[in-house]
Amino acid sequence: MERLQKVIAASGYTSRRKAEELILNGKVTVNGKKVYELGTKVDTKDEIKIDGNVISREDKEYYLLYKPRGVITSTSDDKARKTVTDLINTKKRIYPVGRLDYDTTGVLLLTNDGEFTNIITHPSKKIDKVYVAKVKGIVNYMDIKKLCNGVYIDGVKTSKAKAKIKKYDKEKQTTIVELIIHEGKNHQVKKMFESLGYEVVKLKREKVAFFDLKGLKPGEYRSLTPKEVKIIYGEYKND
């Protein structure tokens, strides 16, 4: 017997958090009856439907993509632009784990495993995400300290981070900064720099947890190994 939201996430339908929302909103039935309790447990014989559609377990797939510029982090786009799922050769209904902006490059994980997605994206897991940003202006060390202590974006203070200056160009008046965060707010890195008066002109995510871009070029991808998936479940999962 497993919790309903966990089974829904494991089916690849959506993340555990989204599954909980669906349950609370009365969108889920078990054996024909609507379920509203998040603690409900089910087994493999139970029929689970979401909005009338039966969910089924499917083989899980996990990918690491070196996201290039000019690609949408989505499964579809109403403007017919290329999406990250267009770059992966699979028949499974995979989706991106978190997101990167249209003009941002770097590490992006994709899967059809909702539980894996929840582990990677939930702030409580405090999984490091390493970014390298090129910004206009010469960043001073006082501002680096502010980034580390947290800055206010959209009225909310960001969690403590790690930041360091990698290089600066006095002639071009630009600075390259490495920033390590474990949150994933919308446009967070850009907004953190903007709060201090700096414009990000180039942004790359170099690492998520222990996943990096080694051996990949922009637009290329690889499957995660069973060992890598096991590590994520073993080290970061908390039931």
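1. Arg69, Lys134, Lys167, Lys172 and Lys202 gather in a patch of positive charge on the surface. Patch members have over 30% relative accessible area and no salt bridge, with like charges joined within 9 Å; a salt bridge would be a Lys or Arg side-chain nitrogen within 4 Å of an Asp or Glu carboxyl oxygen.

2. Bear in mind that this is a predicted model, where local features need pLDDT of at least 70, side-chain atom pairs count only at pLDDT 80 or more, and totals for chains, interfaces and linings use all residues. Residues are numbered from 1 along each chain as its sequence is written, and side-chain values use heavy atoms, leaving out hydrogens and water.

3. Arg69 sits in the loop between strand 7 (62-67) and strand 8 (95-96); strands are DSSP runs of E, at least two residues long, numbered from the N terminus. Arg69 is partly exposed at 44% relative accessible area (buried is under 20%, exposed over 50%, partly exposed in between, with a 1.4 Å probe and protein chains only).

4. Strand 7 itself is well covered: 6 of its 6 residues are buried. Tyr62, Leu64 and Tyr66 lie on one side, with Tyr63, Leu65 and Lys67 on the other.

5. Strand 7 pairs antiparallel with strand 9 (residues 105-111) over 6 bridges, and pairing takes at least two DSSP bridges. Leu64 has Leu109 as its bridge partner there. Strand 7 also pairs antiparallel with strand 17 (residues 221-223), over 3 bridges, where Leu65 stands opposite Tyr221.

6. Elsewhere, an open, antiparallel sheet of 4 strands runs in the order 3-2-5-6. Its edges are strand 3 (33-34) and strand 6 (53-54).

Definitions and conventions: Patch = residues over 30% accessible without salt bridge, like charges linked within 9 Å, V, L, I, M, F, W, Y side chains within 5 Å. Areas by Shrake-Rupley, 256 points an atom, 1.4 Å probe, with all protein chains shown as cover. Lys, Arg positive; Asp, Glu negative; His and termini not counted. Charge placed at Lys NZ, Arg CZ, Asp CG, Glu CD.
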